[in-house]
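Here are some worked exercises to go through with the structure open beside you. Try each task on your own before reading its solution.

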Amino acid sequence: MSKLKEEFMKKIKMVNTNFFKILFFVIGMFVFSQSTFAIGYPSKKLAEIKIQWTDQGQLIQETLLKDLRGPSYKSWQNQVKVWEPHAQKVRVYHALNLIEFLNKFFGPTWKKAHGLSFTCRDGYIAHIPLKEIRRYQPMLAYSMVNGEDFRVDNLKQNEKDVNLGPLYLVWNNLRYSKLKAQGAKNWPYQIVAINLERKDPLLALRPDKHASSQIKQGHKIFAKNCLTCHAINKLGGQKGPDLSEIISLKSEAEIKAYILDPRKLNPDSIMPAMFEKKSKKMAQRQIQFLYEYLKFQIQSKK
Ligand code: HEC
């Protein structure tokens with residue numbers, strides 16, 4: 001090989017190795033940054049999320065998770081063993097005594113209120129009657145006892161590896177079989193606000209007594225199945241869009257088809273299909289009632 005050619009080959013090799021070094025570095029950085037973001041809320045960030053305690057929407061107290069876990073509340077921290085409804089197995093969580101914090105932040109009159117609502121990072125809102133809270137005394141979990149990740153797969157909502165923090169409402173369903181039968185109902189995770197509802201805020205969603213029985217049934221189906229994620233006339237959860245807007249934008253057929261099988265129309269949907277276990281006729285009937293109720297609600301607002 002001529003000298004010139006040798007020199008030339010060497011250079012190419014150098015360029016090559018440097019090129020690959022840089023390439024791998026860039027790929028490495030990319031993967032690293034994606035994994036931090038993919039997790040969404042690395043635990044460091046969780047520590048900075050403020051948890052609000054509100055009374056009828058008025059801010060009473062703003063706390064960081066580390067305040068609630070601090071030494072002053074040592075006796076309100078406990079371990080709870082539950083049947084984890086998302087994972088379908090027994091799990092032990094570190095948890096805070098919700099009742100004690102309600103006493104502390106709202107004073108003794110909280111017991112006379114109508115309910116509590118839990119607002120989550122993703123806009124989900126769970127309204128839970130106070131009699132359930134007082135009777136079963138759920139706890140606010142913040143980590144797993146065995147050091148495992150504080151996460152679940154929520155396959156029903158097409159969400160995998162969901163970080164439960166900062167707070168997750170857990171119930172002693174190993175003791176009360178009635179609770180176990182309810183599955184993941186009333187187990188909001190990613191809780192960032194706890195609101196004391198002195199009156200029922202959902203009264204405005206109830207059709208008046210002159211409404212047809214279809215509309216009344218539609219209201220019940222909505223309150224039970226949709227309200228945690230969707231608002232109507234701005235009242236309700238914000239994980240999905242406000243349905244008052246959807247009703248005026250989309251056709252009746254489109255809306256009904258979406259409710260029946262969200263993933264058929266939108267493969268990335270995180271909305272659960274709720275009527276698939278029912279017979280086709282039953283599902284269509286219930287969706288019809290729902291639709292009539294939604295239409296009635298937005299018309300009665302105008
Ligand atoms: C767990 C949360 C959740 C529940 C419960 C839920 N939805 Fe949804 N819904 C969503 C989200 C999020 C979207 C936005 C797109 C998607 O992911 O499907 C959506 C989208 C929709 C859409 C389509 C909106 C559009 O842009 O076309 C309709 C209609 C709808 N939901 C109605 C309902 C009804 C009626 C119920 C109750 C029977 C319900 N949803 C229950 C989360 C939910």
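**Exercise 1. Find the strands that helix α4 lies across, and the angle that α4 makes with β2.**

Start with the helix: α4 covers residues 98–106 and lies across β1, β2 and β11 (191–197). Then take the direction: α4 runs at about 130 degrees to β2. Axes here are lines fitted to C-alpha atoms, for helices over the stretch in contact, and angles run from 0 to 180 degrees between N-to-C directions. Contact between two residues requires C-beta atoms, placed from the backbone, within 7 Å. Helices (H or I, at least four residues) and strands (E, at least two) are DSSP runs, numbered from the N terminus.

Two notes before you go on. Residue numbers start from 1 along each chain as its sequence is written. The model is predicted, so local features need pLDDT of at least 70 and side-chain atom pairs count only at pLDDT 80 or more, while totals for chains, interfaces and linings use all residues.

**Exercise 2. Work out the strand order of the open sheet of 5 strands, and say which strands stand at its edges.**

Step 1: the order is β2-β1-β11-β5-β6, and the pairing is mixed. Two strands pair if DSSP finds at least two bridges between them.

Step 2: β2 and β6 (125–129) each have a single partner strand, so one side of each has no neighbour in the sheet; these are the edges.

Step 3: from one strand to the next, the twist averages 20 degrees.

Step 4: look at the two ends of the order. β1 (residues 50–55) and β2 (residues 58–64) are antiparallel, with 6 bridges. β5 (residues 115–120) also runs antiparallel to β6, and 5 bridges join them. As a landmark there, Leu116 has Ile128 in β6 as its bridge partner.

**Exercise 3. Describe the turn between β1 and β2.**

First, locate the end of the pairing: Asp55 is opposite Gln58 in β2. Next, the two strands form a hairpin with 2 residues between them.

**Exercise 4. Where do you find Asn233, Lys234 and Pro166, and what are their backbone angles?**

A reminder first: most residues other than glycine have a negative phi, and most peptide bonds are trans.

Step 1: Asn233 is in the loop between β12 (231–232) and β13 (235–236), with a positive phi of about 50 degrees. It has 14 C-beta neighbours inside 10 Å and so counts as partly exposed. The cut-offs use C-beta atoms placed from the backbone: buried means 20 or more others within 10 Å, exposed means 12 or fewer, and partly exposed is in between.

Step 2: Lys234 belongs to the loop between β12 and β13 and has a positive phi of about 70 degrees. Lys234 counts as exposed because it has 10 C-beta neighbours inside 10 Å.

Step 3: Pro166 sits in the loop between β9 (159–163) and β10 (168–170). The peptide bond joining Gly165 and Pro166 is cis, with omega about 5 degrees.

**Exercise 5. Is Ala231 buried or exposed, and which residues does Ala231 touch?**

Ala231 lies in strand β12. Its 21 C-beta neighbours inside 10 Å are why it counts as buried. Leaving out residues up to four places away in sequence, Ala231 touches Gly236, Gly237, Gln238 and Asp242. Ala231 and Ile125 are 106 residues apart along the chain, and their C-alpha atoms are separated by 9.8 Å.

**Exercise 6. Trace the largest nonpolar core.**

A nonpolar core is a set of buried Ala, Val, Leu, Ile, Met, Phe, Trp, Tyr and Cys residues joined through C-beta atoms within 7 Å.

Step 1: this core has 32 residues, of which Phe118, Ala141, Tyr168, Val170 and Ile191 touch the most other members.

Step 2: β7 (139–144) is among the elements that supply at least two residues, and β7 gives the most, with 4.

Step 3: follow Ile191. Beyond its neighbours within four places in sequence, Ile191 is in contact with Phe118, Cys120, Pro166, Leu167, Tyr168 and Leu169.

Step 4: look for the second, separate core of 15 residues, which includes Ile215, Leu227, Ile232 and Leu294.
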